[in-house]
Amino acid sequence: MFIFGFFGLFLALLDRFSLATVLSIDSLMDCLRLSFDIVGPFNLYFGLPIAIKYYVSLNYIVNLFDTYTSQTKNTPQTKPFLIPQNTTYIRQRKNNPVNQTQKIINQAKKEGRKALLETEAKTICAEYGIPVTKFMLAKNEKEASAQADQIGYPIVLKIVSPDIIHKTEAGGVIVNLKTAADVAAGYKKIIENAAKYKADVKIVGVLVSEMAPQSTEVIVGAIKDPQFGQTVMFGFGGIFVELLKDVNFRVAPLTADDAKEMIMQLKAYPLLNGYRNTTPADIDALVAILCNTSHLIMDYPEIKELDLNPIMAYSKGAKTVDARIILE
């Protein structure tokens with residue numbers, strides 16, 4: 001494993017490509033499978049962490065090498081960080097007195113919660129320019145119906161509770177509700193299901209959300225690596241993440257060029273680019289989401305995990321359907 005690592009590093013520094021390009025390892029899963037072949041099934045437990053470290057660290061070192069060489073040459077440097085003009089971007093807001101992100105994180109810490117509620121996670125995303133579905137928090141059936149009328153049908157209802165992480169398993173999600181009466185009945189059913197799932201469940205309310213039109217599903221994620229810090233992930237969602245395991249990783253912070261490379265280097269990128277007369281996805285919108293996610297996790301290093309899954313990618317714009325944030 002160590003011979004493989006140093007050999008990969010040597011080639012990567014020579015050609016200034018990532019480990020995935022040099023050794024034709026197109027994804028982290030390929031790297032993990034390779035580690036199994038090298039260390040053997042009995043040492044897999046130790047081999048996986050080693051493979052992950054090499055995958056992340058070699059890319060990180062190559063990026064440092066590229067930065068150093070671009071700064072020491074007289075040739076023009078890489079394009080500066082730039083967000084496409086047709087997307088919304090919010091820069092650092094940590095010092096903004098009306099900053100909801102800081103208030104939400106402080107409240108979660110005060111209550112001893114590591115997992116933010118979905119309403120909290122989506123509020124943070126919206127504040128950082130990450131588009132989310134329209135949503136409100138209802139405390140009773142009448143309120144839910146009124147909010148549904150305001151948002152527009154069809155509607156999705158989700159339980160909001162710090163005691164229920166897996167909402168579907170608890171019967172806490174109802175989709176495609178088309179009338180106010182359906183929403184009222186759905187609210188009542190979700191509350192009943194939550195009580196059956198956990199007798200002493202703490203219920204904050206029910207999230208009333210628009211039902212996003214179906215489209216190509218992608219995933220944006222983040223994880224805090226103990227050695228290299230915040231790392232961003234991008235890949236296809238839905239069945240593709242299970243079938244193709246088609247994802248890319250980068251160490252934050254990201255530039256717009258980094259984000260675009262993460263998208264274009266996916267095996268199934270043609271599906272986003274208008275494969276066989278399908279409508280191309282708005283790549284600029286996805287680039288903006290990746291960059292905004294990078295800024296969020298760099299502004300708040302206490303974010304341990306972030307999962308935006310799925311994100312519906314449209315021909316114009318994109319929408320985050322589900323959002324999850326875990327604190328340290």
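I take accessible areas from the Shrake-Rupley method with a 1.4 Å probe, and for residues only the protein chains shown count as cover. On that basis I looked up the accessible surface of the chain, which comes to about 17,000 Å², with 58% of that area belonging to carbon and sulfur atoms.

**Entry: ground rules.** I note that this is a predicted model, in which local features need pLDDT of at least 70 and side-chain atom pairs count only at pLDDT 80 or more, while totals for chains, interfaces and linings use all residues. Residues are numbered from 1 along each chain as its sequence is written, and side-chain values use heavy atoms, with hydrogens and water left out.

**Entry: the chain as a whole.** I find 11 helices and 10 strands in the secondary structure of the chain; helices (H or I, at least four residues) and strands (E, at least two) are DSSP runs, numbered from the N terminus. Of the 328 residues, 46% count as buried, where buried means under 20% relative accessible area, exposed over 50%, and partly exposed in between (1.4 Å probe, protein chains only). I then looked up contacts, meaning heavy atoms within 4.5 Å: among those between residues at least 6 apart in sequence, 64% join residues at least 24 apart.

Entry: In what order do the 4 strands of the open sheet run? I read the order as 1-4-2-3, with antiparallel pairing, where two strands pair if DSSP finds at least two bridges between them. Strand 1 (135-138) and strand 3 are the edge strands of this sheet, each pairing on one side only. Neighbouring strands in the sheet are turned by 20° against each other on average, direction ignored; for such angles, axes are lines fitted to C-alpha atoms, for helices over the stretch in contact, and angles run from 0 to 180 degrees between N-to-C directions. I also checked strand 2 and strand 3, which pair in the antiparallel sense over 3 bridges, and there the bridge partner of Ile155 is Leu177 in strand 3. Helix 8 packs on the sheet and touches strand 1, strand 2, strand 3 and strand 4, its direction making about 25° with that of strand 2. Helix 7 lies across strand 1, strand 2 and strand 4 (205-210), and runs at about 170° to strand 1.

**Entry: helix 7 against helix 8.** I looked up the packing of helix 7 (residues 141-151) and helix 8 (residues 180-197), and found an angle of about 140° with the axes 8 Å apart. Helix 7 is therefore oblique to helix 8, since angles under 35 degrees count as roughly parallel, over 145 as roughly antiparallel, 65 to 115 as roughly perpendicular and the rest as oblique. From helix 7 the contact is made by Glu141, Ala144, Ser145, Ala148 and Asp149, and from helix 8 by Ala180, Val183, Ala184, Tyr187 and Lys188.

**Entry: backbone details.** I find a cis peptide bond joining Tyr153 and Pro154, with omega about 0°, and Pro154 sits in the loop between helix 7 and strand 2 (155-160). The peptide bond from Ala252 to Pro253 is cis as well, with omega near 5°, and Pro253 lies in the loop between strand 7 (247-251) and helix 10 (256-264). Asn176 in strand 3 (residues 173-177) has a positive phi of about 60° although it is not a glycine, and Asn176 is partly exposed, with a relative accessible area of 37%.

**Entry: Gly237.** Not counting residues up to four places away in sequence, Gly237 touches Glu217, Val218 and Ile219.

**Entry: strands 8 and 10.** Strand 8 (residues 303-313) and strand 10 pair in the antiparallel sense over 5 bridges, and the bridge partner of Leu308 is Ala323 in strand 10. Strand 10 (residues 323-327) is mostly covered, with 4 of its 5 residues buried. Glu305, in strand 8, is partly exposed, with a relative accessible area of 27%. Leaving aside neighbours within four places in sequence, I find Glu305 in contact with Ala222, Ile223, Arg324, Ile325 and Ile326.
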